[in-house]
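Hi there,

Here is the structure I promised to pass on.

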Amino acid sequence: MHDIDQALLPKHLANPLLQAEQLSYSYGNGQQALDRIELSIAAGDRLALVGQNGAGKTTLARLLIGLLRPRSGRVLYAGVELAGDQLRRARLEIGLLFQDPDDQLFCNSLYEDVAFGLFNRGLAPELVADRVRRALTTVGLEHLAGKPPHHLSTGQKKRAALATQLAMEPLVLILDEPTANLDPHQEQLLLEQLQRFSGTLIAISHDLPFLCELCDRAVVLEEGRIHHDYSLRELVSHPPSMRRHGLDFTFRFSCCGGHPEAPRQVPPTAAAAVQAEGAEAAPSQPLTGTVPLFQLRDLHYTYPDGTRALRGIDLTIEAGDSIALVGENGAGKSTLLACLGGIRLGRGDCRFHGNRIERKHGGELWRHLGVVFQDSADQLFCASCREEVAFGPEQMGLSKSEVARRVEQALCQVRLGGYEERVPLYLSGGERKRLALASVLGMEPEVLILDEPTAGLDPRSQELLLAILQRLPTTKILVSHDMFFIGAVTSRTLVMHQGKIIKNYLTSQFLSDKALSSLNQIHYTYKNRCCTEILGLDQGAYFQHAPDR
Amino acid sequence: MTEPAVVVLPLWLPGLILLLAAGGLVAVGLCRRWAGAAAEETAEEERDWSIPELVVETAPGNLFQRWDTRIKLATLLGYAFLVVSLHRPGPAAAAVLISAVAVLLARIPSTGVLKRAAGISGFLLMLALIMPLTVRRHPGDPIVVIAGLEFLTFNPRGLTLALTIGCKALAVALLMEPMLATSALGNTLEALARLGVPVKLTQMVLLSHRYLHVFAAESQRMQTAMRARGFKQRTDRRTLQTVANFLGMLFVRSFDRTQRVQDAMLARGFTGRFPVHHRFAAAPGDWLLAVAWLSVGVILLLFDRFGL
């Protein structure tokens, strides 16, 4: 195995389809994003572009398709520099799947979006119609051709964005975080569609199990430079190298003897202990003489457009519980969180500490709850990290000294000590997520509500976030598609489907349930299968190199 | 100069009118609630989205769906100008009736129409209340006063004027439904471009329509996150600072989004002009319908001017 401090030289191919020569790029503020990149990609290559948040992966992808102009160096497509007609040709033959599908679906119907590039290519309307139909059928959305994109679910949008690319029949397809915010079922659908793609594939992702199913070559970026260019199998079977580049997701195996499908040993909370005695999957029973933290009876919620998000939810949550909500995209998980947080007011009985939540936004409920939103950008709006964390305590009317104490404590808790004067907008994805967490920890909430905390984070940031959450003694309610995170953080799991809780059991039972996929057609164990396959690549490599934990 | 005729009303009569107006407002409120409930009930019935809207227009549909969009827009806009030129309440009321018939012919769901009518009802009610008090008095105009409230003088001509304006506004507002809701937005904007509206403007409307939803959702999520940390709007410097931060962040996000959308367009070969999806072909029937519709407008105008 190679020396991890010794960068492996980039491959030089005889007839590359796409080539970067001494490619450098700086942002407007002078920050160097890429430095003298040398990269050759042959036709048919399936390449994983990996690295930590901020390593320059997305910038490189944009340069390869000619959306950014290099500061120095050049990009060649089919041996010709990207400029003029060749640039136009490259844009029509190279597809780029954006991280946020809303960026890519800008027309007023799915049909128009998929047809957009084809018309730009100058194809006849009849041919366009045929290609649009085929592309939509490939991604299973032909029945939604006339629907406006803002009416699609996240998973549907992602597949629709893929259809806009597949319809162009690209020779090269670049994917930027294709699995972000997808449930396991949608992720598997996407994977199957991408596996059928026969052209050159460049995938940017932190999701190594997904990449292993799709790619055979790995290019590792670190601080704007290519540090390794070798096979993906070599990368994943060499934990020290992954750890060095912040890609080590093997912390996910550490809890269960290296077997991701084995039930995890999670310390049971008081409520969970009661449940465990009372056999399987019973809803949380109130401890004798205590009022439950949350008590929901026959809760319904219907959005103004008529979408029925919750249908008769009955739920009891005790203080100290750690609960996971799982289900397909659109199952009603986020709406249930919003109702628990008093952000939305449903029909039915919803109580906190025995008091009915009757007012929208929950009156003074915000003083007891900390909500960490899925997208940190929704939560961060102040000019400095100090202001961001101080915002909540200040709204609580605390003294200046107490606010200062809480700010310092919260930033230290999330390992952002010293970041007080940094601008939240310029932090990396992982740092922003931790800052969002600090902004609610500063309020010392009784309940912490987390919506997809690991989405878009690199493995190192995930590991750090996990360590922080495991140490927090508060009641936690977590919405996630990440089975490992659920196993590591929660003791009880509620499976939601079409606005109802269809299963409520201990997380250990949930993770070992062989019939999971039959619950709501979601393949919860799909990720575990991927991990197992990776482990099988180099049996023992992980354990030989595993650090002391 | 002749003295104006003064009509004195007993105090209970305006009270009764106010009561009726309040009843009308309650009815409007109930209509809105009913419309919302109806929308909730019908939401369960999933619409068939498999047929793109640009194909829907060519499928056999109602009169307005079949009508060539360019001619439909030009005709109905021309007709709307004729309607707003009316001066008398009778022809204006007839215009409302014609618009209502058009809505029925276009098979527009009643919930949307009721919402639109309820939306402008507040303005029209205000006109009806204010204009009798403020309209300039012409020689020979009668004056109405209420016993005990002699300092308030009402001019019935003002009420007539308010009714005429109200009817014209309602007629045009109702006409918007068959004019704009019977073709896909892209089709309508393409037709407007063919009629001479600058293409850049139509493209901006098209993109704005798409991204208004996205920006509204982003703004909503940010506001929710602020409320979740206890933010309440007050009249103090702190609120001003927070709102400024919020707006600044929204602007930054919108700007970033705009750049990413432009990148996505360029990545699919965009060269500055949106592809044309709609091919218009006017048939003789389209022109005949236009002539017939405009004739109705002209007849209304003649009736208004000459009382024929």
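**Strand E8 of chain A and its partners**

Strand E7 (residues 172-176) of chain A pairs with E8(A) in the parallel sense, over 5 bridges. A word on terms: helices (H or I, at least four residues) and strands (E, at least two) are DSSP runs, numbered from the N terminus, and two strands pair if DSSP finds at least two bridges between them. In general, strands of a sheet pair through backbone hydrogen bonds, either parallel or antiparallel. Within this pair, Val172(A) stands opposite Thr200(A) in E8(A). To get from E7(A) to E8(A), the chain crosses through helix H7 (residues 184-196) of chain A, and this β-α-β crossover is right-handed (with the strands pointing away from the viewer, the path from the first strand over the helix to the second runs clockwise).

Before going on, please keep in mind that this is a predicted model: local features need pLDDT of at least 70, side-chain atom pairs count only at pLDDT 80 or more, and totals for chains, interfaces and linings use all residues. Residues are numbered from 1 along each chain as its sequence is written, while chains are lettered from A and ligands numbered from 1 in the order in which they are written.

E8(A) also pairs with strand E3 (residues 46-50) of chain A: the two run parallel and 4 bridges join them. There, Leu49(A) stands opposite Ile204(A) in E8(A).

Is E8(A) mostly covered or mostly open? Strand E8 (residues 200-204) of chain A is mostly covered, with 5 of its 5 residues buried. Buried means that 20 or more other C-beta atoms lie within 10 Å of the residue's own; exposed means 12 or fewer, partly exposed is in between, and C-beta atoms are placed from the backbone. Thr200(A), Ile202(A) and Ile204(A) point one way from the strand, Leu201(A) and Ala203(A) point the other way, and all are buried.

**The rest of chain A**

The secondary structure of chain A comes to 21 helices and 20 strands. Of its 549 residues, 55% count as buried. Taking the contacts in chain A with a separation of 6 or more, 70% come from residues 24 or more positions apart; two residues are in contact if their C-beta atoms, placed from the backbone, lie within 7 Å.

Another sheet to find in chain A is an open one of 4 strands, in the order E12-E11-E14-E15, with antiparallel pairing. Its edge strands are E12 (308-317) and E15 (355-356) of chain A, each pairing on one side only. Strand E11 (residues 294-302) and strand E14 (residues 347-352) of chain A pair over 5 bridges in the antiparallel sense, and Arg297(A) has Asp349(A) in E14(A) as its bridge partner. Helix H12 (residues 333-340) of chain A lies across E11, E12 and E14, running at about 55° to E12(A). For that angle, axes are lines fitted to C-alpha atoms, for helices over the stretch in contact, and angles run from 0 to 180 degrees between N-to-C directions.

Now try Ser491(A), in the loop between helix H17 (483-489) and strand E19 (492-497) of chain A. Why does Ser491(A) count as buried? Because Ser491(A) has 25 C-beta neighbours inside 10 Å.

**Chain B and where it touches chain A**

Chain B puts 44 residues in contact with 56 residues of chain A. On the chain B side, the elements giving two or more residues are helices H1 (12-42), H8 (185-194), H9 (199-228) and H10 (237-266) of chain B. That side divides into 23 nonpolar, 10 polar and 11 charged residues (Ala, Val, Leu, Ile, Met, Phe, Trp, Tyr, Cys and Pro count as nonpolar, Asp, Glu, Lys and Arg as charged, and the others, Gly among them, as polar).

H10 of chain B turns up again at helix H2 (residues 84-93) of chain A. The buried residues of H2(A) are Ala90(A), Arg91(A) and Leu92(A), and what covers them includes strands E4 (72-77) and E6 (94-97) of chain A together with H10 of chain B.

Chain B is divided into domain 1 (6-36 + 53-196 + 282-306) and domain 2 (199-266), with bounds from an automatic or database domain assignment. Their centres, taken over C-alpha atoms, are 34 Å apart, and the contact takes 5 residues from each of the two domains.

Cheers
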